[in-house]
Amino acid sequence: MNKIKILHMYADMLDLYGDSGNMEIIAYRCKMRGIECEIDKYSIDSEQPDFSSYDLIYIGGGADLEQQHISEDLVKCRNGIEAAYKNGTFLFLICGGYQLMGKHYRDADGVDIPGLGLFDYYTIAEPNRKKRCIGNVVIRTEFTGKTVDIVGFENHGGQTNGVKTPLGEVLYGHGNCTKSSHEGYFEKNVIATYMHGPCLSKNPEVSDYIIGYCLNRKIDTAIELTPLDDKLENDCRQVMIERLLKK
Amino acid sequence: MNSILIIIGKIIVAVLRLFRRNAGNLPGIVLWHLTKGKCCKMFKVDCPIIAVTGTNGKTSVTNCIAQLFEQNGKKIIINKEGNNLDTGICSLLLRHCNIGGKVNADYLIFETDESHVPVVYSQLKLETLVVLNFFRDQLDRNGEMETLIQKINSFCKTFEGNLILNGDDPNTARLGRANPDNKNVKYFHAKPYAFATETIFEASEGRFCPFCGEALEYDYYQYSHIGKFCCKKCGFGNYEPYITAENIDLEKSVFTADGHEYSPKLNSIYNIYNMTAVAAAAKLYNIPENVTDNVISNYTINNGRMEAFMLGDRKATLNLAKNPVGANMTLRVMNEMQTEKELLFVLNDNIADGLDVSWIWDINFSVFDRVTRVVTSGTRAYDIAVRIKCSGYPAEKIIVCPDLDAAVAELAKTDGRKFVIANYTAVQPTRSALKRYSEKHGGKNE
C-alpha cells in the first residue's frame, strides 16, 4: 500500500482560520484513493523528530502571541528542517509558517523575530495594526503544469518582500504585500502562502500536487493519482470566482 | 454645543421614524462624524451603567439583567435590538434624553460589542462590566482575538468598578489581574455537568497561560475551552468564586447557585453559564430572591436560538451558530437524541458574519450520529457542503440548495426529525423560510 508520512508542526498553537482543515483534506483525499496517510504532530518541547523521515512538513498560521511563543522553538528545529527540505521533503506553509521560514519577521512594534532563513524573502509587519490585508483572494497559478485559478482568504499584517518565485499572480485581493501583484512562494517542494480558507478546501489541484509529489518523490515510475469526484469543490470555487472577478 | 448636537440627533431620529425607518444606528453614525468619534460623550448620565460583553450570550444575559431590575420596579434603558456599538448606544440615548442631554432612568443596561467596550466607557462612566467568554468569532472584523482581549484588558487596567468575570474561561478570567488595586473583581464558576470531559473536545484557544506561557491544566472541560483550569506555574486560575453553579442536571433542567435551585427553560450548558452570570449580577445588586428566580426560570427566546418549528408534522429545531462553539453545541444536542435526523446548514458570508467562513472547519462533524441527510444553503452553501464531505460524511447524502425556500422544501421532503443551523445573517431569512413553508403546508409554530 502506498503511504505518505506527514509532520504537522504546532497544530495546537498555529491553527487559525481552519488551517488544520488542510490536514483533514489531505487525509481525506488519500483515504479515498487507498493511500495510507500518517500524520504525526510536533509541538513546543516535543522530542525532536527525524524531520527527513517525513514526506511533508506542514505549518499553519497563528495569532501574533502564539507566533512569538513558537519562533524560539522553531529555531531549535532549524537544522532538521533544512536537511529535510534539501532531502526533498515537501514544505507546506501557511501565513505564520510562511513568514517564519524567511530571513526574519519584524513585528508591529519593530521587534525582529529571526526566521529560519531557508528562503530569501523577509516580512515586515505593517506598523498600523488596523491596516491588514483582509479578504477573499484569487490567484492564477501554473505550477501544476496547467493554468489553475485558486481561491482562499487572506488576513495578514505582514508584508513579505524579496520573493523571487511566487506561487501565483493576484487576480483579486492583496497577495504578499498590500495590493501586490503576486502571492505566496513556490519551489517544486515548497508551497508557502497567505491563503487560509483552508487553502486546500476548494483547490483540489493543489492538494493533489502535494500528494502526488509526496508519493512519487522517491520512486522512478510515477504513480498516477486516481481522479476523485470534485464537483462540490469545483462548484464552490466557481461560485467565488464568478462573484469576485465579475466587473 | 452639546444641545445643538442633541437637537440634530433628535431631528434625525424623528425624521427616520416619520418614514418608518429604523433609527437604531444611523443617528449615532451622523453624530459620530460630527463629534469626531466621541458620540456618547455629550450625554449626562447620573445612574449606574451595567455593560455585558463577550462572544456568546450577550443578548440573553443583558435581557435577563434588565428584567431583574424591571421586575424590581426600576426604570431601565436597554439596547434591546442588539445595537451594541457606540453608534447604536448613542442612537438609543438620543431617544431617551432631554435637550440638555440628561438621561432619565434608574439603570442603563447595555449589551456592548467586545471591541467597543473601551470606546463607549471612556465616554460614559461604567459601574459594572460582565464578561461572559471569548471565542473565535468574526475574526476578520475584529482583528485577531488576542488584540481584542488586549483592548478590553487595557480598559480594565484603570477600571475600578465591578468586574463580573467567567472564571472558567482563561480568556476572561485574566482580566481580573489587569488592575491589582480593583477590589471589585468577582468570578462566576460552574461545577462539571454530565457531559464534561477530561480532554478537550472541540477546537479552542487560550491553551497557554497569558502571564507565564505555561500550558494550562484542566480538571475538566465543560465545552470548548471553558472549564476548571489552572496554571501550575504561576497560579493563574486560583481564585475564590463569587458564585458557583452546581448540581447541574440538564435532563431535569435544574441547577443550584448559592444554595438556591433554579429551573431555566433553556437546558444547555451555555445557558447555565449565562444564568450564573445573571445570578452573580442579582447577588451584587441585592435583587430579591423571588425576582431572580422568576427571571431565570422564565427566560426564553424566539430568535433562532433552539427555536422550534413544525414543517407539516415534522419537528424542526433552528439554532443560531455564529462560531464553531455554537455549531458544536447543536451537534451535541442532535447526537444526544437517539433517532435518525436530517440537518439543514445555512451559511452566509455577509459583512456582519465576517467575510471569512473558515471557522466551519473547526466544527467537529466527525461526531455525526444517525444523520441520514444534509442540505446546505446560503451564500456559502458549497463551502459548508465541502467541509461536511471532507469530515468523511458520504457526498451523495449532501444536497446543495443555495436558495433558502428550495432548501427548506428539500429538507421537508422526507419524514423524521429535522435540525437547522444558521449563522448570523442567515437566521432571520431562515426563520422566514421555515414559516413560509409552515403556512403553505400546515404546521403550527410555537
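Colleague: Hi! What should I know about numbering and confidence before I look?
Modeller: Residues are numbered from 1 along each chain as its sequence is written, and chains are lettered from A and ligands numbered from 1 in the order in which they are written. This is a predicted model, where local features need pLDDT of at least 70 and side-chain atom pairs count only at pLDDT 80 or more, while totals for chains, interfaces and linings use all residues.

Colleague: Thanks! How many helices and strands does chain A have?
Modeller: Chain A has 6 helices and 14 strands, taken as DSSP runs (helices H or I, at least four residues; strands E, at least two) and numbered from the N terminus.

Colleague: And how much of chain A is buried?
Modeller: Buried residues are 50% of its 247 residues. Buried means 20 or more other C-beta atoms within 10 Å of the residue's own, exposed means 12 or fewer, and partly exposed is in between, with C-beta atoms placed from the backbone.

Colleague: Over to the interface: how many residues of chain A are in contact with chain B?
Modeller: 29 residues of chain A are in contact with 25 residues of chain B; contact means C-beta atoms, placed from the backbone, within 7 Å.

Colleague: Which element gives the largest share of chain A's side?
Modeller: That is α6(A), with 5 residues.

Colleague: Tell me about that helix, then. What is its reach from first C-alpha to last?
Modeller: α6(A) has 15 residues and reaches 21 Å, close to the 21 Å expected at 1.5 Å a residue; the expected span is 1.5 Å times one less than the number of residues.

Colleague: Which of its residues are buried?
Modeller: In α6(A), A:Leu232, A:Glu233, A:Cys236, A:Arg237 and A:Met240 are buried. Seen down the helix axis, they fall within an arc of 130°, so they line one face of α6(A); the arc is that of the directions from the axis to the C-beta atoms.

Colleague: What do they pack against?
Modeller: They pack against β8, β9 and α5 (204–216) of chain A, together with α12 (381–390) of chain B.

Colleague: New topic: which peptide bond is cis?
Modeller: One is the bond from A:Gly197 to A:Pro198, with omega near -10°. A:Pro198 sits in the loop between β14 (190–193) and α5 of chain A.

Colleague: I also spotted A:Tyr10. What is its phi?
Modeller: The phi of A:Tyr10 is positive, about 55°, although it is not a glycine.

Colleague: Is A:Tyr10 buried or exposed?
Modeller: A:Tyr10 is buried, with 25 other C-beta atoms within 10 Å.

Key:
Contact = placed C-beta atoms within 7 Å.
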